[in-house]
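Please look through the sequence and the three-dimensional model shown below before reading the briefing that follows. The notes are grouped by topic, and each can be checked against the picture.

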Amino acid sequence: MPEGAAAQRPAREAFGSRLAAAMAARGPLCVGIDPHPGLLADWGLNDDVAALERFSLTVVEAVASLAAAVKPQVALYERHGSAGMAVLERTLAAAADAGVLSIADAKRGDIGSTMAAYADAWLRDGSALAADSVTLSPYLGFESLRPALDLAAEYGRGVFVLALTSNPEGKSVQHVGGADSVARRIAAAAAVENQRYAGSLGSVGLVVGATIGSALQDLDVDLGAVRGPLLAPGLGAQGATPADLRATFGNAYPSVLATSSRGILAAGPSLAGLRAATQETLDGLLAA
Ligand SMILES: O=c1ccn([C@@H]2O[C@H](COP(=O)(O)O)[C@@H](O)[C@H]2O)c(=O)[nH]1
């Protein structure tokens, strides 16, 4: 970074603090923006770039004042090529303009030198793809994520590291190691990273599925010690309920940001339908 650039950088609170404030004000829900071809068809749209934009901007408009965050699924933009990625850029900009935090669900991870480029793309001011936070895959080693961890801290952005994913196949990697499991090590590494942050939530979150059942107890993973936000997919279309979330996360439930995509998106394309589904999901989470 050129000398003096830090002084010119716009002031931004740490992502963990911004997310904690959003969750306190609006509740613990992130709405996923997953423009699957089938959903586009259900909304009466074609599977093309114009429809991708209409779908994405409709979701942002509908939920921006209700949800703590929105989470565009990058793969569903990538499948439309460079024009799809341009729609993603405009979707992230629309979320920022509407005052809702964004989580780019990109699941990036690579050797450190390449990771620095991913960090630049998703976390550096001035990048058209910069989001408030990005999901990361730690399976090249947690420390390989260092460029993203450091850039996120520098720019007041955040990361969510895959720890215990919501899909059944995740166990074959994440549960390995018994008492010293891969998932436990990832949680421990995130806890260390969050020591650099003040406030109730650090900016290094974990992805922990709502569908993992008793894995936290089985693997002795202490999510409270992480002191970071816990992005929990699996609600709705994957079968988990708010009661499952409450039972699975126990004392860590206050740090959970539940995320639902198809379960809410199926209520579109009307703004009223999307808002009602979002509110119903939120009410369930708040009552749990
Ligand atoms: O463990 C994980 C990590 C990410 N996801 C993503 O979340 C959404 C879930 O969509 P639903 O329609 O609510 O099932 C999707 O983008 C996944 O890629 C996940 O499900 N599990």
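In which loop is arginine 227 found? Arginine 227 sits in the loop between α11 (215-218) and β7 (230-233), where helices (H or I, at least four residues) and strands (E, at least two) are DSSP runs, numbered from the N terminus. This is a predicted model, in which local features need pLDDT of at least 70 and side-chain atom pairs count only at pLDDT 80 or more, while totals for chains, interfaces and linings use all residues. Residues are numbered from 1 along each chain as its sequence is written, and side-chain values use heavy atoms, with hydrogens and water left out.

**The annotated domain and site**

- UniProt, in an unreviewed entry, places the feature "domain: Orotidine 5'-phosphate decarboxylase" at residues 28-277; UniProt positions are given in the numbering used here, feature names are shortened, and annotations may be inferred rather than shown by experiment.
- Not counting residues up to four places away in sequence, lysine 107 touches Gln73, Thr135, Leu136, Ser137 and Leu162, where contact means heavy atoms within 4.5 Å.

**Backbone details**

- Lysine 107 has a positive phi of about 50° although it is not a glycine.
- Arginine 227 likewise has a positive phi, of about 55°, although it is not a glycine, and arginine 227 counts as partly exposed because its relative accessibility is 28%.
- Glycine 268 and proline 269 are joined by a cis peptide bond, with omega about 10°, and proline 269 is found in the loop between α13 (262-265) and α14 (271-287).

**Two buried residues**

- Proline 138 is found in the loop between β4 (133-136) and α8, and it counts as buried because its relative accessible area is 5%.
- Leaving aside neighbours within four places in sequence, proline 138 is in contact with Leu145, Val161, Leu162 and Ile186.
- Threonine 91 lies in helix α6 (residues 81-98) and, at 2% relative accessibility, is therefore buried.
- Threonine 91 touches Ile33, Ser56, Leu57, Val60 and Tyr77, not counting residues up to four places away in sequence.

**Helix α4 and its partners**

- Helix α4 (residues 49-63) and α6 pack at an angle of about 15°, with their axes 10 Å apart; axes are lines fitted to C-alpha atoms, for helices over the stretch in contact, and angles run from 0 to 180 degrees between N-to-C directions.
- That angle makes α4 roughly parallel to α6, since angles under 35 degrees count as roughly parallel, over 145 as roughly antiparallel, 65 to 115 as roughly perpendicular and the rest as oblique.
- The contact is made by Val49, Leu52, Glu53, Ser56, Leu57 and Val60 of α4 and by Ala83, Gly84, Val87, Arg90, Thr91, Ala94, Ala95 and Ala98 of α6.
- The residues of the contact of α4 with α6 divide into nine nonpolar, three polar and two charged, where Ala, Val, Leu, Ile, Met, Phe, Trp, Tyr, Cys and Pro count as nonpolar, Asp, Glu, Lys and Arg as charged, and the others, Gly among them, as polar.
- The axes of α4 and α14 come within 9 Å and cross at roughly 55°, which means that α4 is oblique to α14.
- On the α4 side Thr58, Val59, Glu61, Ala62 and Val63 meet Leu271, Leu274, Arg275 and Thr278 in α14, and by class this contact has five nonpolar, two polar and two charged residues.

**Helices α7 and α8**

- Helix α7 (residues 112-123) and helix α8 (residues 146-155) pack at an angle of about 30°, with axes 8 Å apart, and α7 and α8 are therefore roughly parallel to each other.
- Gly112, Met115, Ala116, Ala119, Asp120 and Leu123 of α7 make the contact with Pro147, Ala148, Leu151, Ala152 and Tyr155 of α8.
- By class, the contact of α7 with α8 holds nine nonpolar residues, one polar and one charged.

How values were computed: Buried < 20%, exposed > 50% of the residue type's maximum accessible area, 1.4 Å probe, protein only.
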